[in-house]
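Subject: Handover of a structure and findings

Dear colleague,

Please find below the structure that I am handing over to you. My findings follow it, beginning with the charged side chains.

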Amino acid sequence: TGKAPNDTTGSNVTYVDTTVNGKTVNTTVDTGKEAMINGVQYNTLEEALADAQNGDVVTLLSNVTLDGNGKTNNQGILAITKNITLDGNGKTISGLRFDVQNTPEESLYLGLFGYVGGNQDSAAEIRNLTVSGEICVAAGAARSVLAGGVVAYLDNHSKLSGVVSTV
């Protein structure tokens with residue numbers, strides 16, 4: 001991120017290097033946008049992940065605050081179900097919070113992403129990202145709890161690189 005090469009106005013406009021149709025370009029980030037795929041900017045990271053197709057790179061454009069309270073679908077706060085890359089672009093996803101008390105579920109997958117991967121067709125890469133928050137699990141919770149700040153369960157076809165978790 002930084003100023004565009006010819007930006008002499010001193011404005012606080014954010015620019016990012018991102019991949020558009022296989023080429024790296026310097027892109028102006030629209031105010032309030034959280035993520036981008038091939039030059040298309042999205043209001044939320046969740047929208048971008050849902051819209052991503054196999055092979056896409058989803059680039060985080062700004063720091064994001066998310067909250068996992070009330071999630072009951074065992075999928076974490078966000079879902080990656082395709083062969084994509086999430087490039088955190090050095091940004092932080094904060095506010096991650098799970099507080100699990102007595103739950104009837106047999107198993108829980110608690111993390112920013114509950115489960116990533118499954119086979120070669122749904123492998124994913126998460127890179128250049130910081131995640132902060134907390135996960136609290138009380139006695140009497142589900143029989144099996146898998147917890148991780150970034151991913152509760154990462155399949156062997158998927159990978160993390162340059163990721164920092166303070167959860």
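D87 counts as buried, because its relative accessibility is 14%, below the 20% that marks the limit for buried residues. Please bear in mind throughout that this is a predicted model.

The side chain of D87 forms a salt bridge with that of R127, with a distance of 3.5 Å from N to O. This pair ties together distant parts of the chain, since D87 lies in strand β8 and R127 in strand β11, 40 residues apart. R127 itself is partly exposed, with a relative accessible area of 22%. R127 also meets the side chain of E125 in a salt bridge, here at 3.7 Å from N to O. E125 is buried, because its relative accessibility is 15%. Through shared partners, the salt bridges join D87, E125 and R127 into one network. A search of the whole structure finds two salt bridges. In general terms, side chains of opposite charge can pair when their charged atoms come close.

Turning to the chain as a whole, I note one helix and 14 strands. The protein chain has 167 residues, of which 39% are buried. Its accessible surface comes to about 8700 Å², and carbon and sulfur atoms account for 43% of that area. Among contacts with a separation of 6 or more, 69% are between residues 24 or more positions apart.

The largest nonpolar core holds 31 residues, and L45, V58, L112, F113 and I126 have the most contacts inside it. Two or more residues of this core come from each of the elements β3 (35-37), α1 (45-51), β5 (57-60), β7 (78-80), β8 (85-100), β9 (107-110), β10 (113-116) and β11 (125-137). Strand β8 supplies the largest share, with five residues.

I126 deserves a separate entry. Setting aside residues up to four places away in sequence, I126 touches I80, L86, F113, V116, V150, V151, K159, L160, S161 and V163. F113, one of these partners, is also listed with I126 among the residues that have the most contacts inside the core.

One of the sheets may be described briefly. Three strands form an open sheet in the order β7-β10-β13, and their pairing is parallel. Strands β7 and β13 are the edges, each pairing on one side only. From one strand to the next, the twist averages 10°. The parallel strands β7 and β10 are joined by two bridges, and L78 stands opposite F113 of β10.

Finally, I draw your attention to a glycine in a loop. G148 is located between β12 (144-147) and β13 (151-154). This residue counts as buried, because the relative accessibility of G148 is 14%. Apart from neighbours within four places in sequence, G148 is in contact with L110, G111, L112 and I135. Between G148 and L112 the C-alpha to C-alpha distance is 7.8 Å, although 36 residues separate them in sequence. L112 is also one of the residues with the most contacts inside the largest nonpolar core.

With kind regards

Methods. Residues numbered from 1 in each chain as written. Predicted model: local features only at pLDDT ≥ 70, side-chain atom pairs only at ≥ 80, totals over all residues. Heavy atoms only, no water. Core = buried A, V, L, I, M, F, W, Y, C linked by side-chain atoms within 4.5 Å. Buried < 20%, exposed > 50% of the residue type's maximum accessible area, 1.4 Å probe, protein only. Helix = DSSP H or I, 4+ residues; strand = E, 2+ residues; numbered from the N terminus. Contact = heavy atoms within 4.5 Å. Areas by Shrake-Rupley, 256 points an atom, 1.4 Å probe, with all protein chains shown as cover. Salt bridge = Lys/Arg side-chain N within 4 Å of Asp/Glu carboxyl O. Pairing = 2+ DSSP bridges. Axes fitted to C-alpha atoms, helices over the stretch in contact; angles between N-to-C directions.
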